[in-house]
Amino acid sequence: MPEYLPILHLLASRSSDVLACCRAQAGDKDTVVLIGDGVLLLASPVIPESIESERPLACLEADVNARGLGATADVSGIERLKDSDMVRLMTQHQHCLTWK
């Protein structure tokens, strides 16, 4: 059986349904990052529920700041990533999927 290669899932939608589909498809070794309008989910009640039930999420700090979320986006269990962190993640994953 071939070795599983982790996937980087970029969630660029504010839809909780898209988040649910993404989380359902993400493997244990995959990484899920909220980008673009996806960071708006941080102000949604679905995020704490998602963190408690599954792996933690990360978000792109530049997108959080660009949408004026600031402290609103300070959710326990969500790692804020700088652009350099995203570059590192992209080099650590064989594949990348964007969810819109």
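This is a predicted model: local features need pLDDT of at least 70, side-chain atom pairs count only at pLDDT 80 or more; totals for chains, interfaces and linings use all residues.

Quick definition before the sheet: I'm calling two strands paired if DSSP finds at least two bridges between them. The strands themselves are DSSP runs of E, at least two residues, and helices are runs of H or I, at least four residues, both numbered from the N terminus.

Now the housekeeping. Residues are numbered from 1 along each chain as its sequence is written, and side-chain values use heavy atoms, with hydrogens and water left out.

We have four helices and five strands, and from the N terminus they run β-α-β-α-β-α-β-α-β. The five strands make an open sheet, with parallel pairing, in the order β4-β3-β2-β1-β5. At the edges sit β4 (79-81) and β5 (95-99), each pairing on one side only. On average, neighbouring strands of the sheet are turned by 30° against each other, direction ignored; for angles, axes are lines fitted to C-alpha atoms, for helices over the stretch in contact, and the angle runs from 0 to 180 degrees between N-to-C directions.

Look at β1, residues 7-11: it pairs with β5 in the parallel sense, over five bridges. Leu8 stands opposite Cys96 in β5 there.

Next, burial. By buried I mean under 20% relative accessible area, by exposed over 50%, with partly exposed in between, using a 1.4 Å probe and protein chains only. Of the 100 residues, 42% are buried.

So which residues have the most contacts inside the largest nonpolar core? They are Leu11, Leu34, Leu42 and Ile47, in a core of 19 residues. A core here is a set of buried Ala, Val, Leu, Ile, Met, Phe, Trp, Tyr and Cys residues joined through side-chain atoms within 4.5 Å. The elements giving two or more residues to this core are α1 (16-25), β2 and α2 (46-53), and α1 gives the most, with three. There's also a second, separate core of nine residues, which includes Leu8, Ala58, Met86 and Leu89.

Let's zoom in on Leu34, in strand β2. Its relative accessible area is 0%, so it counts as buried. Contact means heavy atoms within 4.5 Å, and, not counting residues up to four places away in sequence, Leu34 touches a set that includes Leu11, Val39, Leu42, Ile47 and Leu60. Leu11, counted likewise, has among its contacts Val18, Leu19, Cys22 and Trp99.

Last stop, helix α4, residues 83-92. This helix lies across β1, β2 (31-34), β3 (58-60) and β4, at about 95° to β4. Which residues of α4 are buried? Asp85, Met86 and Leu89. Seen down the helix axis, the buried residues of α4 fall within an arc of 100°, so they line one face; that arc is taken from the directions from the helix axis to the C-beta atoms. Those buried residues pack against β1, β2, β3 and β4. On the other side of α4, Asp83, Ser84, Val87 and Thr91 are exposed.

And that's my tour. Thanks, everyone.
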